[in-house]
Amino acid sequence: LQRRTRAFVLRRLKRQVAKELPEKLFKPLRCELTPLQKQLYQAVIDRDLEAAIQAVGGRRLSLGNPHIFAILTKLKQICCHPGIVTGDFQPYRAGVSAKFDAFCEVFEEIREASSDSRPNKLVAFSQYKPMAGYLHAYIDASGKRSVLIDGSVSPYERPALCRAFNEGADQFGMVLTLGAGGVGLDLQGANYVVMYDRWWNPAVEDQAIDRVHRLGQDREVVVVTITARGTLEERIEAKLDRKRRLADQVIEADALMRKEITRDDLLGLVRLEP
C-alpha cells in the first residue's frame, strides 16, 4: 500500500513539524468490574444478545447493525457506570462502578500532585452525556471548579469556556463528551487527560487528546485510559492497538463497525471473563 500511494500522499507528523511540543506519557489503567456490573453485564448477554442476533433475520452480522450496536452500547455503558443503564446514579458511593472508583483515585493523585505555582489541570472525556455530567458533578462536589461541555452547550459558547479554563488559576477540571469536545477546542492549560471510556476509532481518541497536546502546550501531558478488564472494552482496545500499529494511526472512520463478523466472533467479543 505504501509503494502504491507514495507518489500521491504528502504527510507530515506532528512530531516532525512541532518539535517543541513536550512528550505525551500514556498511563493505561485496568479495573475489575464490581459484582453489580458483572451481574448486569452477563444479564444483557444472556437476555438480550440472542434476541438481537435473531432480529438481524439471518443476514450477515456486523457490529454496526442497529440491533447489535444497541447491545454493545449497553455493555459499554455498564462498564462505565450501572447508573447509565438503570437510571440510578448513587451519589459517589464506592463499589458501584470500578471505573468510576479508578477515576476517583486518578483525580486524587492529580489534585495532590499540584503545586501552588503551577497547579495541575484535568480534562476528562466520556462519550456518554450522563457519565460526563456525573464526573463534572463529582469534581465540583470535591471542592474543585470544573466546566462541562456537552451537546447542550452551543458551539459559539465553547471557545470562551476553554479560554477561561486555560487562563483561570482556580479552574481545575474540564469534562467533555467526545462528540462535543473531540475537535476544534484548545485546552493547552491542562496537563492531564482522562479517557474514561474508549471509542471504536483510535483517530477520534487521538483528536480528543490533541485538544491538550497541541501548539502552546509547555508541560508533559499525561494521558490516562481506563479499561474494564475481561470485557468488550479490553477487546476493542486490543483490536484498535493492532490497527494503530498496522496503519500508523491512520484508520478509516468507523471501519470496524461495518466489518462483517461471524456469530462466534460476536459472542467472543462480548463475553465476560472470570
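Modeller: A salt bridge here is a side-chain nitrogen of Lys or Arg within 4 Å of a carboxyl oxygen of Asp or Glu. This is a predicted model, in which local features need pLDDT of at least 70, side-chain atom pairs count only at pLDDT 80 or more, and totals for chains, interfaces and linings use all residues. Residues are numbered from 1 along each chain as its sequence is written, and side-chain values use heavy atoms, with hydrogens and water left out.

Colleague: What makes K74 and D48 a salt bridge?

Modeller: Their N to O distance is 3.7 Å, and the cut-off is within 4 Å, so the pair counts. K74 lies in helix α4 (residues 66–80) and D48 in helix α3 (residues 35–55), so the bridge ties together parts 26 residues apart in sequence. Helices are DSSP runs of H or I with at least four residues, strands are runs of E with at least two, and both are numbered from the N terminus.

Colleague: Why is D48 called buried?

Modeller: Buried means under 20% relative accessible area, exposed over 50%, and partly exposed in between (1.4 Å probe, protein chains only). D48 has 16%, so it counts as buried. K74, at 27%, is partly exposed.

Colleague: How do you know that C31 is in no disulfide?

Modeller: A disulfide is a pair of cysteine sulfur atoms within 2.5 Å. A search of the whole structure finds zero disulfides. For C31, the nearest cysteine sulfur, that of C79, is 7.9 Å away, so C31 is in no disulfide.
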